Amino acid sequence: MIRALSAAATGLEAQSAIIERSSNDVANVNTDAYKRGRIEFKDLMYETIKEPGAQLGASSQTPVGVQRGMGVKVGGAHKIFEQGPAKMTNNQLDLMIEGQGLFPVQMPNGEVAYTRTGAFHRDSAGKMVLTNGARLLPEITIPANALGLGISAAGEVKAALPAGQEAVIGQLQLVTFINEEGLSAAGEGIFKATPASGAPLQGVPGENGLGIITQGALEGSNVNVANSMVELISTQRAYEMNTKVMSVADQMMGATTNIK
Amino acid sequence: MASGIWNATAGAVAQAQVVDTVANNLANADTLGFKKDSVSFREFLAAEEREPTGADIPRGPVKDKDFYPLDGKDQSFVVVDGTYSNFRPGPLKVTNATLDVAIEGPGFFEVSTPSGIRYTRQGSFKLATDGRLVTSDGFPVLASQPGGLAAENPNTAQPVTALQLGQGGLETQGGVSTEAGVAARFINLRDAGGKVSFSPAGEIYAGGELVAKVSVREFLDPRKLRQSAGALFENKDPVNLKAAERSELRQGMLEGSNVNPVEEMTALIRANRLFEQDLKAIKTYGELMQREANDIGKL
């Protein structure tokens, strides 16, 4: 019964991990390019009291053994890189990636990170930066006298200059990873490469399966509110059932104590 | 002294084990590919206690036992004889993720772990950094035949024969030359990661090209499998293994836990009450013994 208590406790811990993840997802339902999380549970080790298939005699074996489980643990939590819905903003510095890929950016501390948040701004030097100050890589400097900016699906950045002139000022690059789910989320829509994600594979938008760039749009959050709600309901009930097991185990222990 | 008190104790211990099992099942109500456990009881007759013989003329105090052969039926203990996984399929959840694959039918995926071949129905696969198809624990998923890269060897991508499967099974069970044989069956998707498709028969296509065929195995009696952590099962009986006949893969879906909360709660209530009744019996025996000790002597 002590085992029942601790197994139920692992269940509570696992279910509350889902509640925490769901609440984070729902809180970010309007965060641009937010990627919802997924938690995978694993059953814990088993205590084998009797081996299945143990030899009983010359040609007979026990058909089943006796094994008792110890509960559950959170086996993995990662992001799901499903495409979010497009939001038209008509702002010329808002870029959305349609398909696979992330923008490489240089964080203020010099580290290279990756993001799908395409809400860029211009800093005092004319460089394209994110709200948190991370610079788009390769750096693109918008001329001070530019009247407008045109970004093609393949990531070519053109500036419209006075007197009807036009100048190509840069080429956007996108990166993919062999295992996107292995990226570590650093908040503010920033992801960092890890040994699990593999090295970034750089390319031009639209080539080798990379997504294309859409100007004047932003990628919304890929959280599905209905799914999150259903998950909350079922998780809460599963949590309750685990507490029920706890109270039954407790009652049984209490009753045992009171035999005499 | 009343021996029945031990019968009641055995019953209480057995019911407590049921509660342990239910607790584990309910804790895993959301674990992908989890198979619920059930407990089977066995009546344990202390039949050899006294041979059924003809009754002699009793010389000492007479008990009813002295006249009738009881075959131990007065002392039928109960023991937990087996726990077995219930392999009823769990509900399929649609995830639309490329590398999520569910098995429809009784089959299992074959995966390679450091401690040998294991079988699982949990198909939330990932890509390792070297392009290998792995489970979420990082164990490589195996192809049905060595050199699973059909792209390198397009002419050998034939259906696996029963003979090959049998050999594979023996090889993995015997632990002989497994390392090389198993490593040759790793599935490498290289950088085709996001764009692969699984056919119902288990063939993996990347860009229209057959890359490998996932190994799906079935068992004559899956209840013989030994459970280990992470929804992995171990097969110790090579005869039990057979080729997949009735299993089909479904891409973009995952199999949930097959734990049914209603059943588990019912089992919990039942075990709880039976436990209480066993305790009641123990208590009653305790009172009887008290009377024997204190009251009979007063007569």
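**View 1. The loop holding Pro138(A) in the predicted model.** Pro138(A) is placed in the loop of chain A between strand E11 (135–136) and strand E12 (148–151). The model shown here and in the views that follow is predicted. The peptide bond that joins Leu137(A) and Pro138(A) is cis, with omega at about -15°.

View 2. Ala33(A) is not a glycine, yet has a positive phi of about 60°. Its place is the loop between helix H1 (2–27) and strand E1 (37–43) of chain A. Ala33(A) is buried, its relative accessible area being 5%. Ala163(A), also a residue other than glycine, has a positive phi near 65°. Ala163(A) belongs to the loop of chain A that runs between strand E13 (156–161) and strand E14 (165–171). With a relative accessible area of 79%, Ala163(A) is exposed.

**View 3. The contact between domain 1 and domain 2 of chain A.** Domain 1 of chain A comprises 2–50 + 69–77 + 223–257, and domain 2 comprises 86–219. The C-alpha centres of domain 1 and domain 2 of chain A are 38 Å apart. Four residues from domain 1 of chain A and six residues from domain 2 of chain A take part in the contact. Between them, domain 1 and domain 2 of chain A bury an area of about 490 Å², and carbon and sulfur atoms give 50% of it. On the side of domain 1 of chain A, Asp32(A), Ala33(A) and Lys35(A) lose the most area to domain 2 of chain A; together they account for 94% of what that side buries. Two salt bridges are counted between domain 1 of chain A and domain 2 of chain A. A salt bridge is formed by Lys35(A) and Glu219(A), whose closest N and O atoms are 2.5 Å apart.

**View 4. The aromatic pair Tyr114(A) and Phe177(A).** Over all chains, the structure holds nine aromatic pairs. In the pair of Tyr114(A) and Phe177(A), the ring centres are 5.0 Å apart and the planes stand at 80°, so the pair is edge-to-face. An angle over 60 degrees is what counts as edge-to-face. Tyr114(A) is in strand E8 (residues 112–115) of chain A, while Phe177(A) is in the loop between strand E15 (174–176) and strand E16 (184–185) of chain A. The pair therefore ties together parts that are 63 residues apart in sequence. Both Tyr114(A) and Phe177(A) are buried.

View 5. Tyr119(B) and Phe219(B) form an edge-to-face aromatic pair, at 5.0 Å centre to centre and with 85° between the planes. Tyr119(B) comes from strand E6 (residues 116–120) of chain B and Phe219(B) from strand E12 (residues 216–219) of chain B, so the pair ties together parts that are 100 residues apart in sequence. Tyr119(B) is buried at a relative accessible area of 0%, and Phe219(B) is buried at 6%. Ring pairs link Tyr119(B) and Phe219(B) with Phe87(B), Phe108(B) and Phe233(B) into a cluster.

**View 6. Arg223(B) over the ring of Tyr84(B).** The charged end of Arg223(B) is placed over the ring of Tyr84(B). The distance from this charged end to the centre of the ring is 5.0 Å.

**View 7. The interface of chain A and chain B.** The contact involves 53 residues from chain A and 55 residues from chain B. About 4,400 Å² is buried between chain A and chain B, with 55% of this area on carbon and sulfur atoms. Asp43(A), Ile178(A) and Met252(A) supply 13% of the area that chain A buries against chain B, more than any other three residues. Nine salt bridges are counted between chain A and chain B. One salt bridge joins Arg68(A) and Asp20(B), with 3.2 Å between the closest N and O atoms.

**View 8. The surroundings of Asn272(B).** Asn272(B) is part of helix H4 (residues 261–294) of chain B. Its relative accessibility is 5%, and Asn272(B) therefore counts as buried. Neighbours within four places in sequence left aside, Asn272(B) is in contact with Val248(A), Gln251(A) and Met252(A). Met252(A) is also among the residues named for the area that chain A buries against chain B.

Methods. Residues numbered from 1 in each chain as written. Chains lettered and ligands numbered in written order. Predicted model: local features only at pLDDT ≥ 70, side-chain atom pairs only at ≥ 80, totals over all residues. Heavy atoms only, no water. Phe/Tyr/Trp six-rings, centres within 6.5 Å; stacked < 30°, edge-to-face > 60°. Helix = DSSP H or I, 4+ residues; strand = E, 2+ residues; numbered from the N terminus. Buried < 20%, exposed > 50% of the residue type's maximum accessible area, 1.4 Å probe, protein only. Lys NZ or Arg CZ within 6 Å of the ring centre and 35° of its normal. Domains from an automatic or database assignment. Contact = heavy atoms within 4.5 Å. Buried area = accessible area lost by both parts, 1.4 Å probe. Salt bridge = Lys/Arg side-chain N within 4 Å of Asp/Glu carboxyl O.
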